[in-house]
Amino acid sequence: MKNRNLANRFCLSGIIGLVFYILHDLVGAMYYPNYNRMSQAVSDLTAIDAPSFVIASGLSSIYGIFSCLCCSMVCIVVQNRANKFLRLGVYLFTAMNFISAIGYLLFPLSGSGYAGNFQDIIHLYVVTALVVVLSVASLGLIAVGGLKSKGHKPLAIIALFSLGFMVMGVIGVNTVPPVYFGILERFSVYSAVVFNAALGLYGYLER
């Protein structure tokens, strides 16, 4: 009983992680002269040559720690308390968070935009590709599993909204004019970050 309650409380680290991710976006932009959220990606703030690199990377790393802690605790909470679809979805979402936290830390962009260096290739075509695929798969499974279980339908609905915004962002960044790239990119990024906080709240309330 004590271990379960402790895991429930640690699930709230997802909400703390959301706060640090927002700070990484807002505070990082303050240290990046002429940064334009409408046209520039969030990852530009943590690019090696960005003036905001130190502060934005630091706040982003703290977010990564809390997001991984949150998901790990939710994995414990859902054991034997949710159907296989929901559990598998949570496990994949957790894997996505670990890949994101470690991958982007080890392979930040070498410069704003895409310079085509080795670490840029890994950042975009390996880490980001895995993050997107795992995010879509995990949110889909959580939605299916949640809808199949009466007590988890609110989580399923949030997962569907998050999935919708994520898909909209992925499609949008490839179709909208470059001047709006940053807005659509944030649809995709924040959908996962906000869902992580919602998942943490779910883990805290689950008994």
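A residue is called buried when its relative accessible area is under 20%, exposed when it is over 50%, and partly exposed in between, with a 1.4 Å probe and protein chains only as cover. By that rule Ser188, at 15% relative accessibility, counts as buried. The structure discussed here is a predicted model, in which local features need pLDDT of at least 70 and side-chain atom pairs count only at pLDDT 80 or more, whereas totals for chains, interfaces and linings use all residues. Residues are numbered from 1 along each chain as its sequence is written, and side-chain values use heavy atoms, with hydrogens and water left out.

Let us start with the overall fold. The chain contains 7 helices and 0 strands, where helices are DSSP runs of H or I with at least four residues, strands are runs of E with at least two, and numbering starts from the N terminus. The order along the sequence is therefore simply α-α-α-α-α-α-α. For 207 residues, a compact globule would have a radius of gyration near 17 Å, and the 17 Å of the chain agrees; the radius is taken over C-alpha atoms, and the globule rule is 2.2 Å times the number of residues to the power 0.38. Along the principal axes, the C-alpha atoms fill a box of roughly 50 × 35 × 25 Å. Of the 207 residues, 47% count as buried. Contacts, meaning heavy atoms within 4.5 Å, are worth a look too: among those with a separation of 6 or more, 66% come from residues 24 or more positions apart.

Two helices can be checked for length, the expected span being 1.5 Å times one less than the number of residues. Helix α3 has 26 residues and should span 38 Å; its end C-alpha atoms are 37 Å apart, which agrees. Helix α6 (residues 153-172) has 20 residues and reaches 28 Å from its first C-alpha to its last, close to the 28 Å expected. The buried residues of α6 include Leu155, Ala159, Ser162, Leu163 and Met166, and the cover over its buried residues includes α4 (84-106), α5 (118-147) and α7.

Leu139, found in helix α5, is buried with a relative accessible area of 0%. Leaving out residues up to four places away in sequence, Leu139 touches Ala159, Ser162, Leu163 and Met166, and also Phe93 and Phe195. Phe93 sits in helix α4 and is likewise buried, at 0% relative accessibility. Beyond its neighbours within four places in sequence, Ser188 is in contact with Phe165, Met166, Gly169 and Val170.

Most residues other than glycine have a negative phi. Asn34, although not a glycine, has a positive phi of about 65°. Asn34 is found in the loop between α2 (13-30) and α3 (53-78), and at 77% relative accessibility it counts as exposed. Just after α3, Asn80 also takes a positive phi, of about 60°.
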